[in-house]
Amino acid sequence: MIKVGLVLAALCSVHRFMHVHPYLLADNRHYPFYVWKDLLSCHVVVPYCLTPIFGLAVFLCMSRLSMKLTSPWLLLFVVCVAMTTVPQKLIEFRYFVIPYIMMRLHIGPGNRLQVLLEFIIYAVVNSVTVFLFLYHPFKWSNNSEWQRFMW
């Protein structure tokens, strides 16, 4: 019953508090623009359909952290992450870098396959970003200067 309540609260939060910042829609040099344009805004139900996946990700992160850390530390971590992300009107990946690094430092390195998979994901994302930055500059219709993609 608690799980159903949490899913309903998450769905209500998406409905009530999902705000599309004008900068998100205006700046096509960042990943969040394309995540919004190509995924989240393609249909009105997509954010609601992704809510259980986000909930599962939070559950997996919290359960992994709770194996290694005490409840007060975990509570403080959740409060700190919430205090830095909830008030933001524009959500970007950079807001999650420090919480992610803190999480990775506290859960330990994992097995070799996990480390290799994580490295491959980082290498692919960073390689694509550097490639787009170096070899695919573009111009906006209202600006004559070259623009470059960045994460």
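Reader: Hey, quick one: is Tyr48 buried, exposed or partly exposed?
Author: Tyr48 is partly exposed, because its relative accessible area is 29%. Buried means under 20% relative accessible area, exposed means over 50%, and partly exposed is in between (1.4 Å probe, protein chains only). Keep in mind that this is a predicted model, where local features need pLDDT of at least 70, side-chain atom pairs count only at pLDDT 80 or more, and totals for chains, interfaces and linings use all residues. Residues are numbered from 1 along each chain as its sequence is written, and side-chain values use heavy atoms, with hydrogens and water left out.

Reader: Ok, and where is Tyr48 found?
Author: Tyr48 is in helix H4. Helices (H or I, at least four residues) and strands (E, at least two) are DSSP runs, numbered from the N terminus.

Reader: What is Tyr48 in contact with, leaving aside its neighbours within four places in sequence?
Author: Leu11, Val14 and His15. Contact here means heavy atoms within 4.5 Å.

Reader: How many residues apart along the chain are Tyr48 and His15?
Author: They are 33 residues apart along the chain, with 8.0 Å between their C-alpha atoms.

Reader: So how do H1 and H4 cross?
Author: Two packed helices are described by the angle between their axes and the distance between the axes. For H1 (residues 2–17) and H4 (residues 46–68), the axes come within 10 Å and cross at roughly 145°. Those axes are lines fitted to C-alpha atoms, for helices over the stretch in contact, and angles run from 0 to 180 degrees between N-to-C directions.

Reader: Which residues meet there?
Author: From H1, Ala10, Leu11, Val14 and His15; from H4, Pro47, Tyr48 and Thr51.

Reader: Switching topic: how many helices and strands does the protein chain have?
Author: Seven helices and two strands. Along the sequence the pattern is α-α-α-α-α-α-α-β-β.

Reader: What share of the residues is buried?
Author: Of the 151 residues in the protein chain, 21% are buried.

Reader: What size of box do the C-alpha atoms fill?
Author: Roughly 55 × 40 × 25 Å, taken along the principal axes.

Reader: Now the loop between H6 and H7: which residue lies there?
Author: Gly108 is one of the residues in that loop, with H6 spanning 94–107. Gly108 counts as buried because its relative accessibility is 18%.

Reader: And how far apart in space are Gly108 and Val128?
Author: They are 27 Å apart, C-alpha to C-alpha, and 20 residues apart in sequence.

Reader: Last one, what about Val115 in H7?
Author: Val115 sits in helix H7, residues 112–135. Val115 counts as partly exposed because its relative accessibility is 38%. Leaving aside neighbours within four places in sequence, Val115 is in contact with Pro109 and Gly110.
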